[in-house]
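The following report goes through one structure region by region, from single residues to the contacts between chains. Please read it with the sequence and the coordinates in view.

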Amino acid sequence: MLQIIKQATILGLVIPLSFVLHGCAVLHKAQLGDIDGRSSKNGTPISIKVSETTVDFGEAARIARNLGGSKSGANVLGNAASTYESYFQYGPRTGTPVFNELYARSVPNELAEKCPGGRITDMISIRETRAYPVVKGEIVRVDAVCIK
Amino acid sequence: MSKIKMGVISTVIGAMLITSGCTYTRAISQTNVPSERGKVVEASVERMMFLGIAFDNDDVPKLVEKLRDKCPNGAIRGILTKDLSTSYLIVIVRKTIAQGYCIKENLAADDADTNLKAAELETEAKI
Amino acid sequence: MIKRTQSIVKLLLVSILSMASACSYSIHQQYIGSMDPNASYGKGKWVEATSSDFVILSFAMQSNYVEDAYRQLENQCKGRIAQVTTEHLTAYKFLSYEQKLVLKGLCQS
Amino acid sequence: MKTLLRLTLATLAATTLSSCVTVKSVSISQIPETSQRKQVVKASATSPVVFLIPFNTDYIEEARADLLQACPNGHIEGLLSKHEDTNYFIGLVYMQKVNFTGYCLPKIAMTRAKAKRKG
C-alpha cells in the first residue's frame with residue numbers, strides 16, 4: 001500500500017515538475033572581453049553556440065530508485081547509475097559531465113571563420129546548461145562583434 | 001518519518017537559513033589594463049530566480065550594451081567581470097558585474113601597439 | 001581467503017585501467033580573450049598549449065598547471081599574442097580526475 | 001562489495017582531511033612580445049568561506065587595486081587571472097583566492113626608444 005502511495009506521489013510530482021522544468025536554462029559562467037567604441041557602429045554581431053547532449057546519472061538514479069520497489073529492476077538500474085556517478089564522475093564539475101572532450105574546442109576557429117580577415121570585439125563568453133529531466137544540453141556560447 | 005530523515009531535512013533547512021543572503025563568486029575575468037585609468041565605468045545584469053529556475057539567459061549578453069552605453073564615445077579596456085550568485089532560501093539571484101576604464105579609442109589602439117612600435121624603434125637604434 | 005585476494009586483485013586491476021582512461025568530461029569554461037585593435041584573423045599563426053594535473057581522491061595541493069600552460073604558450077611565440085582563448089576542463093577517471101587547461105593564441109610574429 | 005564500501009569510506013575520509021585546490025575560473029589576455037616581457041607584476045587576495053558562509057566578494061577588487069599599484073604609470077598586459085578555492089573541510093570550510101599576474105609595460109618605452117634612435 002505504502003509503495004503504491006509512494007509511486008503515485010512520485011508520478012504526481014516528478015512528471016508535472018518535468019514539464020515545469022522543461023528546457024530550464026542554468027547559467028554557470030559569464031566572462032567579458034574588451035569593448036570597442038567603433039563596434040556598435042561599424043561591426044557585425046556574430047554568435048557561436050556549441051553544445052553536447054548528455055545524461056545526468058545522479059538524477060536518473062534518483063528517479064529510477066523512487067519509481068521501482070526495493071528489489072525491482074528500476075532500483076537495480078538506479079543503484080548502478082548512482083555507483084557510476086560516484087566512482088567515475090568524481091571531481092569538480094560544471095553542469096553535467098559529457099562524453100565528448102572536444103565539443104567546445106572548435107569555438108576559436110569558428111569565430112575566425114565567421115569573421116574572416118577581420119577582428120572580434122565586445123565578446124561575452126557564456127557557459128550554460130539547458131536542463132531537461134535526466135537529459136542535459138551542455139552549452140558554450142560566444143557573442144561578439146566582427147569588425148572588418 | 002524516521003529520525004534520520006528528520007535529521008537530514010532539518011540539517012538542509014538549517015543550512016538554507018544560515019546561507020541565506022550569502023554571495024558566492026562563480027567566475028572572474030580580467031582584460032589588459034590601460035595606462036589611462038581616469039574614467040571608471042560599471043554595469044551589471046541581475047536576475048531573480050524562484051527555486052533557481054530560469055528559462056533563458058538572454059539578459060546576460062545585454063551587459064555588453066549596458067557597459068557600452070556608459071562610454072558612448074570611447075572604448076572600454078581593463079574590464080573586470082565578476083559573476084556572482086546569491087541565495088535567499090528558495091530564491092536565487094544571479095548577478096554579473098563588469099567594471100572597466102572608458103578611454104578615447106585612439107588611445108586604446110595606441111596602448112595595444114605602442115610597445116610594438118617602441119620595440120621596432122629600439123631594434124632600428126641598435127642597427 | 002584466495003577468493004577474497006582474487007576479488008581485490010580484480011578490483012585493483014579495474015581501478016588501474018579506469019584511472020588510465022577517462023570517459024566523461026566537464027568543460028568548466030571556454031573564455032574568448034580580447035583581440036588587439038590592430039590584429040585580424042588570417043594575420044599571424046595559431047599557437048596552442050596544454051597542461052594538466054592528475055588528481056587522486058581530490059588531493060590537489062597546487063594549481064600550477066595554469067601557469068605551466070601560460071609559460072608554454074608564451075614560449076611558442078616571440079612576437080605579440082594578439083588573442084588568447086582559455087579552455088578549462090576536468091577529465092573524470094575512477095575516483096580520480098585530470099584538470100586540464102588548453103590555451104590557443106594568435107601569434108603575430 | 002565490502003571492499004567498495006571501504007574504498008568509499010577511505011575516499012570520504014581522504015577528501016575530508018585533504019586541503020584540495022580547485023580552480024574555478026581562469027582568464028588570459030593578450031601577451032606582449034618577448035622584449036616587452038620584463039617587468040612582472042603580481043597581486044593576490046583571499047577570502048574565507050566558513051560553514052558555507054562567505055564574507056564578501058571585495059577581495060577581487062582588492063587584488064586588482066594591488067595589481068594597478070604595482071604598475072601605476074604603465075599598462076598591464078599578458079594578464080593571467082586565476083580564481084581558486086582551497087577546501088579544508090568537506091566543502092564546508094574553504095578559502096577563496098584570486099591571483100593576478102601580468103607584465104607592466106611602462107609608458108616611457110616610446111620616448112626611450114625614440115631617444116635611442118636619435119642618439
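This is a predicted model: local features need pLDDT of at least 70, side-chain atom pairs count only at pLDDT 80 or more; totals for chains, interfaces and linings use all residues.

When neighbours within four places in sequence are left aside, Asn56(D) is in contact with Ser47(D) and Gln96(D).

## Two buried polar residues

Ser81(D) belongs to strand E4 (residues 75–89) of chain D, and with a relative accessible area of 0% it is buried. Its side chain is joined to that of Ser27(D) by a polar contact of 2.5 Å. Beyond its neighbours within four places in sequence, Ser81(D) is in contact with residues of chain D, including Ser25(D), Val26(D), Asn99(D) and Phe100(D), and also with Ile28(B), Ser29(B) and Gln30(B) of chain B.

Gln83(C), which lies in strand E3 (residues 80–93) of chain C, is likewise buried, its relative accessible area being 1%. A polar contact of 2.9 Å links the side chain of Gln83(C) to that of Tyr41(C). With neighbours within four places in sequence again set aside, the contacts of Gln83(C) include Ile32(C), Met35(C), Trp46(C) and Leu106(C) in chain C, while Ile120(A) and Met123(A) from chain A and Gln30(D) from chain D are also among them.

## Chain A as a whole

Chain A has 5 helices and 4 strands, and its elements follow one another from the N terminus in the order α-β-α-β-α-α-α-β-β. Of the 148 residues in chain A, 51% are buried. Among the contacts in chain A between residues at least 6 apart in sequence, 78% join residues that are at least 24 apart. The accessible surface of chain A amounts to about 6,700 Å², and 64% of that surface belongs to carbon and sulfur atoms.

## The interface of chain A and chain C

The size of an interface is often expressed as the accessible area that is lost when the parts come together. For chain A and chain C, the area buried between them is about 3,300 Å², with 57% of it on carbon and sulfur atoms. Phe88(A), Tyr90(A) and Glu101(A) supply 21% of the area that chain A buries against chain C, which is more than any other three residues. In terms of contacts, 39 residues of chain A meet 37 residues of chain C.

Between chain A and chain C there are 2 salt bridges, and 18 residue pairs are in polar contact across this interface, counting pairs with both residues at pLDDT 80 or more. Strand E1 (24–32), helix H4 (73–88), helix H5 (107–114), strand E3 (119–131) and strand E4 (135–147) of chain A each supply at least two residues of the side that touches chain C. By class, that side of chain A has 20 nonpolar, 11 polar and 8 charged residues.

Side chains of opposite charge can pair when their charged atoms come close. Over all chains, the count comes to 23 salt bridges. Arg68(B) and Asp122(A) form one at 2.6 Å, N to O, and this pair crosses between chains, from helix H2 (residues 62–69) of chain B to strand E3 of chain A. Both Arg68(B) and Asp122(A) are buried.

A salt bridge within chain B joins the side chains of Arg26(B) and Asp83(B) at 3.1 Å, N to O. This pair links distant parts of the chain, with Arg26(B) in strand E1 (residues 22–30) and Asp83(B) in strand E3 (residues 74–88), 57 residues apart. Both Arg26(B) and Asp83(B) are buried. In chain D, the side chains of Lys82(D) and Glu84(D) meet in a salt bridge at 3.8 Å, N to O, and Lys82(D) and Glu84(D) are buried as well.

Note on methods:
Residues are numbered from 1 along each chain as its sequence is written. Chains are lettered from A and ligands numbered from 1 in the order in which they are written. Side-chain values use heavy atoms; hydrogens and water are left out. Contact means heavy atoms within 4.5 Å. Buried area is the accessible area (1.4 Å probe) that two parts lose on being put together, summed over both. A salt bridge is a side-chain nitrogen of Lys or Arg within 4 Å of a carboxyl oxygen of Asp or Glu. A polar contact is a pair of N or O atoms within 3.5 Å; within protein, one must be able to donate a hydrogen and the other to accept it, and residues adjacent in sequence count only if both atoms are side-chain atoms. Ala, Val, Leu, Ile, Met, Phe, Trp, Tyr, Cys and Pro count as nonpolar, Asp, Glu, Lys and Arg as charged, and the others, Gly among them, as polar. Buried means under 20% relative accessible area, exposed over 50%, partly exposed in between (1.4 Å probe, protein chains only). Accessible areas come from the Shrake-Rupley method with a 1.4 Å probe; for residues, only the protein chains shown count as cover.
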